[in-house]
Amino acid sequence: MGQGAREVLVLFLFAVLSKAMSIRHHESTNNEATIDGRFCLSWRLAVEVNNVLPWRTVPTQCLQYVEDYLIHGQYEQDLELIMEQALSYVNAISLIGDGMDAWVLDVDDTCISNIYYYKGKKYGCDPYDPPAFREWAMKGWCTAIPPVLKLFNKLIEKGFKVVVLTGRDNETLGQVTIDNLHNQGFIGYDKLIMRNATYKGQSAITFKSNVRKQLEDEGYRIWGNVGDQWSDLQGKSSGNRTFKLPNPMYFVP
C-alpha cells in the first residue's frame, strides 16, 4: 500500500472513531438527562402525595424540570382538572339555605399566584426567605389563579359562605392582602382570617385546624376545602371534601 493510501486510510479510521465517540457521548448525555427527568418526575409525585417530609428546597437538578412544569402548560392543566372535580362536586350539593354552608380557600398559590416571585428564587431551589417574601407580598402583585377564581365565583353564585384562610400575618399584610384579592376578582367572601397574636408560633396545621373547628362550633358546615399545601387540609374539621392543588416550589409544615 502506498504512503498516500495509508494516510487516507488513517484519516478515514480516525473519522469513524471520532463519529462513534461523538454518538456515544450524545447518547450518554441523553441518558443522563432522561434519568434526571425521571427522578424529578418521581420527586414531584412524592411531594404531591406528601411522602417527602419535610423538604426545604427543590433539588437543584430539578430546577429546569420545575420551571417547565410551571410555565409550559402542565401546571395549568392540572389545576383545571382538579377544579373541574371541585365544580362537579359543588353542582351536586343542595344547600340547606340557612347561611351556614361554608367553603374554605387558602390564599397563596391557591387563590393568587406567587410564581413570578419564585422565579427569582429558582422556583424553590433557594431556601425560603421570609423578609423577601414579605416584601413581595407587600407589593400586592399576585395574580389570580383562573380555575380557582372560577370555583370561587360559582361558590358565591350558589350561596356558599366562602372563608378565606391564610397564614399571612394580619398586622403587616392584612390590608394589602384584602386589596390584592379584591383587585384579582375575589369579591364577596364571608370572612378573611389571617394569623394574629393568638396564633403566633402555631404550625399551619394547628392554626388552620383551630380556625376550622371554631367555624364548626359557630354552626358552619364546611363542605369543601382547597389548598396547595397538605397543612391547609390536614387536622381537625378539614371539611367534607378536600382538594389539593399542585405546588412543587415549597413546603409549609
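In the predicted model described here, ring pairs join Tyr116, Tyr117, Tyr118, Tyr128, Phe133, Trp136, Trp141 and Tyr250 into a cluster, where rings of Phe, Tyr and Trp (the six-membered ring of Trp) are taken to pair if their centres lie within 6.5 Å, with planes under 30 degrees apart counted as stacked, over 60 as edge-to-face and the rest as tilted. By this rule, the count of aromatic pairs comes to 16. Because the model is predicted, local features need pLDDT of at least 70 and side-chain atom pairs count only at pLDDT 80 or more, whereas totals for chains, interfaces and linings use all residues. Residues are numbered from 1 along each chain as its sequence is written, and side-chain values use heavy atoms, with hydrogens and water left out.

Two of the aromatic pairs may be described in detail. The rings of Trp55 and Phe251 have their centres 6.3 Å apart and their planes at 40°, so this pair is tilted. It links distant parts of the chain, since Trp55 lies in the loop between helix 1 and helix 2 and Phe251 in the segment after strand 7 (241-244), 196 residues apart; helices (H or I, at least four residues) and strands (E, at least two) are DSSP runs, numbered from the N terminus. Trp55 is buried, with a relative accessible area of 9%, whereas Phe251, at 21% relative accessibility, counts as partly exposed; buried means under 20% relative accessible area, exposed over 50%, and partly exposed in between, for a 1.4 Å probe and protein chains only. In the pair of Tyr117 and Phe133, the ring centres are 5.5 Å apart and the planes stand at 80°, so the pair is edge-to-face. Tyr117 belongs to helix 4 and Phe133 to helix 5, so the pair ties together parts that are 16 residues apart in sequence, and both Tyr117 and Phe133 are buried.

The protein as a whole contains 8 helices and 7 strands, and buried residues make up 42% of its 253 residues. Of the contacts with a separation of 6 or more, 73% are accounted for by residues 24 or more positions apart, contact meaning heavy atoms within 4.5 Å.

The largest nonpolar core has 53 residues, of which Leu70, Met83, Trp103, Leu151, Phe186, Val226 and Phe243 touch the most other members; such a core is a set of buried Ala, Val, Leu, Ile, Met, Phe, Trp, Tyr and Cys residues joined through side-chain atoms within 4.5 Å. Helix 3 gives the most to this core, with 8 residues. When its neighbours within four places in sequence are left aside, Val226 is in contact with Met83, Trp103, Val104, Leu105, Asp106, Thr110, Leu151, Leu233, Phe243 and Leu245.

Two packed helices are described by the angle between their axes and the distance between the axes. Here the axes are lines fitted to C-alpha atoms, for helices over the stretch in contact, and angles run from 0 to 180 degrees between N-to-C directions. Helix 3 (residues 74-91) packs with helix 6 (residues 146-158) at an angle of about 10°, their axes being 9 Å apart. That makes helix 3 roughly parallel to helix 6, given that angles under 35 degrees count as roughly parallel, over 145 as roughly antiparallel, 65 to 115 as roughly perpendicular and the rest as oblique. In this contact, Leu79, Glu80, Met83, Ala86, Leu87, Val90 and Asn91 of helix 3 meet Pro147, Val148, Lys150, Leu151, Lys154, Leu155 and Lys158 of helix 6. The residues of the contact of helix 3 with helix 6 divide into 9 nonpolar, 1 polar and 4 charged, where Ala, Val, Leu, Ile, Met, Phe, Trp, Tyr, Cys and Pro count as nonpolar, Asp, Glu, Lys and Arg as charged, and the others, Gly among them, as polar. For helix 5 (residues 130-139) and helix 7 (residues 170-183), the axes come within 8 Å and cross at roughly 35°.

Two features of the backbone fall in loops. The peptide bond from Leu53 to Pro54 is cis, with omega near -25°, and Pro54 has its place in the loop between helix 1 (3-48) and helix 2 (63-71). Tyr123, in the loop between helix 4 and helix 5, has a positive phi, near 50°, in a residue other than glycine, and at 4% relative accessibility Tyr123 counts as buried.
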